[in-house]
Amino acid sequence: MKVYSGLAGIPVVKSSISYIDGQKGILEYRGIPIHELVENSNFLEVSYLLIFGKLPSKKEYKKFVDDIKESLFLDEAIINFLKDIPSDTHPMKVLQSIVPILATFDKNKDVLDEKHHYSAAVNLLGKVPTIIANWKRISEGNPPVYPDKSLSYAENFLFMLTNSLPDKKIADMFDKCLILHAEHTINVSTFTAIVVVSTLADFYSAVSSAVGSLSGRLHGGANERVFYMLNEIEDESKIEDFIREMLNKKERIMGFGHRIYKTYDPRAKIIKQFLNEISKIKGVSNLYKKALKFEEIGLKYLKEKHIYPNIDFFTAVFYNYLGIPPQFYTCIFAMARISGWIAHCKEYLKDNKLFRPTQIYDGGHNIHYVPFEKR
Ligand code: SDX
């Protein structure tokens, strides 16, 4: 027997939700190339596709969107709970704490019942953006901005977060950024979710655990650190020395590298296009200029090791353009990945098997207790 550290390359499930070709840089959701979905669809329609396995009819889509709009609002008890949390609590900790409480308000308790799958999807897709936006307002000492059902999903989130109506073109790009973050086969937070649901814990527990997993800087937490990393560098002339020093110290460059992609992350390419578009509306920011230079020099050192920018690298710059504080970047990743987490939980339960790996024991045997006085 051998240990497969990190289960690298070990299939633990069969799935038809998404597909990645790491050599060619291909990503498909339910067999549809990601660029086609970004060009033609929107986040809620893609969420339906991921969770229910097909593009919705007009009637199915309208019901899904209407049900999510009805679930945008938080119970006052949750808002009061947010007001009692220390204001410097990291937003991902707040999210991980509040998500399981949402189960209290869901009458569909049986995780094996399709009704639970639908109500959990609608509640989480509706309420998680409101929790995130409310936390930003409350943690800054401002009253929460209540959801506006007349706005699109992306517009409403940016409105609640910034208390101002977003530019429609920018909101549309944000919606497409959510599509790019929605799903990515058995990444570590999705694996976390299906491990939790394999015990028949409910979708709220699975998503809360996945939020915890996503918060790590080797996973979703990287986007926030890309912002700090780029800001640590005084100006473009210092970038090459900065990169060389990190590599000499064997440190991981945030926003670069991927376990599966050994070429350019197709999602990073699309977000880079969004930056080009948004810079025409908002101007070329210093952060954007630094990021482009960092990418050029980073690739000079890392391309030969098949290490390229991943989804988190340019996302940090995009969110900065939107006025989102860096500590909220991974929350945006989480609110989008709810769809992928729920899709995989739903799919896994069709043929559930409790996850219980084993180990190769390399400790001792027949060791006896030694009282304090003899230690
Ligand atoms: C996400 O799995 C998913 O799909 C995740 C995700 C999703 O949508 O769910 O795509 C989202 O998590 C994207 C990744 C975000 N994380 C980061 O940007 C953090 C920085 N990246 C690295 O930590 C790293 O690239 C990983 C963790 C993402 C992947 O690393 P692996 O596949 O485990 O590779 P490794 O850590 O074993 O490194 C292999 C070699 C090492 O060099 P040697 O020791 O063999 O000489 O590559 C080097 C590493 O030093 N390396 C890097 C590097 N990533 C790998 N060197 C410098 N900078 C990096 N970023």
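Which residues come nearest the ligand? They are His184, Arg252, His258, Arg267 and Arg337, out of 24 residues around the ligand. The notes below refer to a predicted model.

1. The side chain of Lys305 has an N or O atom 3.3 Å from an oxygen atom of the ligand. With Gly255 it is the backbone that takes part: an N or O atom there lies 2.8 Å from a ligand oxygen atom. On its own the ligand has 1,100 Å² of accessible area, and the protein covers 76% of that.

2. Helix α9. This helix spans residues 188–197 and is mostly covered, with seven of its ten residues buried. Those seven are Ser189, Thr190, Thr192, Ala193, Ile194, Val196 and Val197. The cover over them includes α10 (203–214) and α16.

3. Ser189. This residue sits in helix α9. Ser189 has a relative accessible area of 0%, so it is classed as buried. Its side chain makes a polar contact of 3.1 Å with the side chain of Trp341. Leaving aside residues up to four places away in sequence, Ser189 touches Ala210, Ser213, Leu214, His219, Arg337 and Trp341. Of these, Arg337 is also one of the residues that come nearest the ligand.

4. Aromatic pairs. The model contains 22 aromatic pairs.

5. A tilted pair. Phe294 and Phe313 have ring centres 5.7 Å apart and planes at 40°, so this pair counts as tilted; the edge-to-face class would need an angle over 60 degrees. The pair joins distant parts of the chain, 19 residues apart, with Phe294 in helix α14 (residues 286–302) and Phe313 in helix α15 (residues 311–321). Phe294 counts as buried because its relative accessibility is 0%. Phe313 is likewise buried, at 0% relative accessibility.

6. Aromatic cluster and a charge over a ring. Phe227 and Tyr329 also belong to one aromatic cluster, together with Phe157, Phe174, Tyr228, Phe274, Phe318 and Tyr319. As a separate item, Arg375 lies over the face of Phe372, 4.3 Å from the ring centre.

7. Helix α2. The buried residues are Phe43, Leu44, Val46, Ser47, Tyr48, Leu49, Leu50 and Ile51.

8. Ends of α2. Leu44 is itself among the buried residues of α2. After the helix comes Gly53, which has a positive phi, near 85°.

Technical notes
Residues numbered from 1 in each chain as written. Predicted model: local features only at pLDDT ≥ 70, side-chain atom pairs only at ≥ 80, totals over all residues. Heavy atoms only, no water. Phe/Tyr/Trp six-rings, centres within 6.5 Å; stacked < 30°, edge-to-face > 60°. Helix = DSSP H or I, 4+ residues; strand = E, 2+ residues; numbered from the N terminus. Buried < 20%, exposed > 50% of the residue type's maximum accessible area, 1.4 Å probe, protein only. Lys NZ or Arg CZ within 6 Å of the ring centre and 35° of its normal. Near = heavy atom within 4 Å. Polar contact = N/O pair within 3.5 Å; in protein donor to acceptor, adjacent residues only side chain to side chain. Areas by Shrake-Rupley, 256 points an atom, 1.4 Å probe, with all protein chains shown as cover. Contact = heavy atoms within 4.5 Å.
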